[in-house]
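I set out to record a few helix features of this model. The entries follow in the order in which I looked them up.

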Amino acid sequence: MEALGENLKVMVKIFRRECHRVLPSERTTIHGADGMLMLLQLAMAEVSKQRAGEFKVALSDVLMAWKHLLLDKLHLPPPNFARLENYDLILEAYESSLKRSNAVDLVDVLSMYNQLRLVDSDPGEPVSPIQLFEFLSGNTEVSELPDPSVPSTPSRKSTTCSSQVTMAVRRVFCSYLSLLTNAKNDMALALTLDVPGRALGRQAFTDVKHAARDNNTSLFLAVTSFVRVIQLGGRGYAPAESDPLRKHVKGLSDFVQFLDNLEEILGEVPDPSACGARLAGAIRALLVKGRSGGDAVSAAADETTKELKERICQLHQVQTHTANGSGTEISPARPRAHAVNHCTALGGRDTVKVLMALLDEEALTPPCRNKADLLSEDQPVLGGEEGTCVLGLFRSPEVPTGCSPEPLKSRVLTRLDLLKPKAKDGGVRSQFACTYKEDEMPLNRVLEFPSASQVPSCVHPAPKHQALPADVEETPTEAKSTSECPNKEPSAVRRGAALGPRSGNVQTGGAGSGDGKPPVTRTQRKGNKRKQVDSDRRGGSENEPPQKKPPACVSVKVPGKSGGKAASKKKLIAGQGKLTGFFRV
């Protein structure tokens, strides 16, 4: 049906040439079948939120309302099934979204055609309402050849990547170009705000939507106004600290900066072919940044860039040939006299004409066969945190109700992970490891620390040290225990006091052995045996530090015994025991 495609192009050209007579703006966007269906889905979700409190709609309901909408606007007989419950509200919301975005659909173009056409030169009615209904419903095959007099553009059907990714990438290209011609196109901003990833997900889009609603402006104007105030405004004009858009300053600034670069290319390059090629190349570089050459998005971006460059060149040649003949066939946005840069506005005027013609051709492409690929939320991710589903972007995040932000099972698992013991490094520790500061003190060290009730307290002052005779020596262990608790006197000293005066030459009375040697007490035998065991252990390994010994009592020198002599050799100097225990591993 090549004739239907050509008739649709004629209808759109005449509308674009004369639209300034009936529309307030000449840069009006024309929505094709896919754009109309996406707007209808948003309108139905908005009505569902007002009535039922949920911003969602079933795909079957959208398709039913879609058929009713086409037949109603084309003044054709209604279908054999009943309308939806809130169809009037849905139609009102759909028309309101078109008016707010400075856009019209193909049904509106057909209805205004008879009013805009010139009776003498223009054809009567190139497309009938039945033909347009069949085209928008997807029941008619339309050739994608643009013009018989122009070389054909490579078809999108012979693509190497998936059709869904290609469709999403091409939609992003056209949305960026649409923002250059119509800044009120909210649908174009929704498709490009977080593509590629700028950390502007659903929460950021919701904040932008609320700011636009409060100021009664478009989404793009709300973003640019906020960024301009941040960049150029003084302290008195800065947004309030409670402004929710302050959380997304970086992402919004990157978005506005990229569009400023596109506007600069549009105004500085006078040749529409070269300007269109640079615009497509800039968008392609943004999409493929950080991706490999074999990526599906990169392949689709390369293919789309090549097709758009060729098509822009062809449209420029057609418009140049038409302008030299009879007329321009299009009425672009005229530069205003009070424009800041009048030369820039004049320089980009021809390029704007070509871009609008390109976008009009995109609106005349056949509708998507699989409506689920177009309307479902399972969309390919082109670089952002979320997919490109418009319904998911316009759905506001759930407002917290004061309940737990996560279920009980998740909180329990998180708490168990925190209570698990951390695995420590099992490597060889240095001899100075005791001086290192550990992150967490082990539980056993915490429990072994004595409490205030366990620390021995000394109420009475320590008694004066009395010099012992030469026969009686105080071992280091005894001295340490005496210094720790001065109230506790050594048992050997008390026993010596009970036996009477001691002297190195006088033997103590009592039962003695038959060989004339003085009797050895039980304390002396225990002390000598302990010293012998300690000396045997020390002799086993020279590098092994000495072990802690239990508190010992007074050892008495006994003539003829080697125990006192060994004890004197093993006597530690002051502070040696404390230093040895400090460096013990």
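Entry 1. I began with Q115, which I located in helix α5. The model is a predicted one. I looked up the distance from Q115 to E18, a residue 97 positions away along the chain, and found their C-alpha atoms separated by 9.5 Å. Leaving out residues up to four places away in sequence, I noted that Q115 touches R21 and V22.

Entry 2. I next examined how α5 packs with another helix. I recorded that α5 (residues 106-116) and α6 (residues 129-137) pack at an angle of about 165°, with their axes 11 Å apart. Angles over 145 degrees count as roughly antiparallel, and α5 is therefore roughly antiparallel to α6. On the α5 side, I listed L106, V107 and L110 as making the contact; on the α6 side, I listed P129, L132, F135 and L136. Sorted by class, this contact has 7 nonpolar residues, no polar ones and no charged ones.

Entry 3. I then turned to helix α9, residues 202-215. I checked its length: at 1.5 Å a residue, its 14 residues should span 20 Å, and the end C-alpha atoms are 20 Å apart, which agrees. Which residues of α9 are buried? I listed A204, F205, T206, D207, V208, K209, A211 and A212. I noted that the cover over these buried residues includes α8 (186-192), α10 (219-232), α11 (249-268) and α17 (390-394).

Notes:
Residues are numbered from 1 along each chain as its sequence is written. This is a predicted model: local features need pLDDT of at least 70, side-chain atom pairs count only at pLDDT 80 or more; totals for chains, interfaces and linings use all residues. Side-chain values use heavy atoms; hydrogens and water are left out. Axes are lines fitted to C-alpha atoms, for helices over the stretch in contact, and angles run from 0 to 180 degrees between N-to-C directions. Helices (H or I, at least four residues) and strands (E, at least two) are DSSP runs, numbered from the N terminus. Angles under 35 degrees count as roughly parallel, over 145 as roughly antiparallel, 65 to 115 as roughly perpendicular and the rest as oblique. Contact means heavy atoms within 4.5 Å. Ala, Val, Leu, Ile, Met, Phe, Trp, Tyr, Cys and Pro count as nonpolar, Asp, Glu, Lys and Arg as charged, and the others, Gly among them, as polar. The expected span of a helix is 1.5 Å times one less than its number of residues. Buried means under 20% relative accessible area, exposed over 50%, partly exposed in between (1.4 Å probe, protein chains only).
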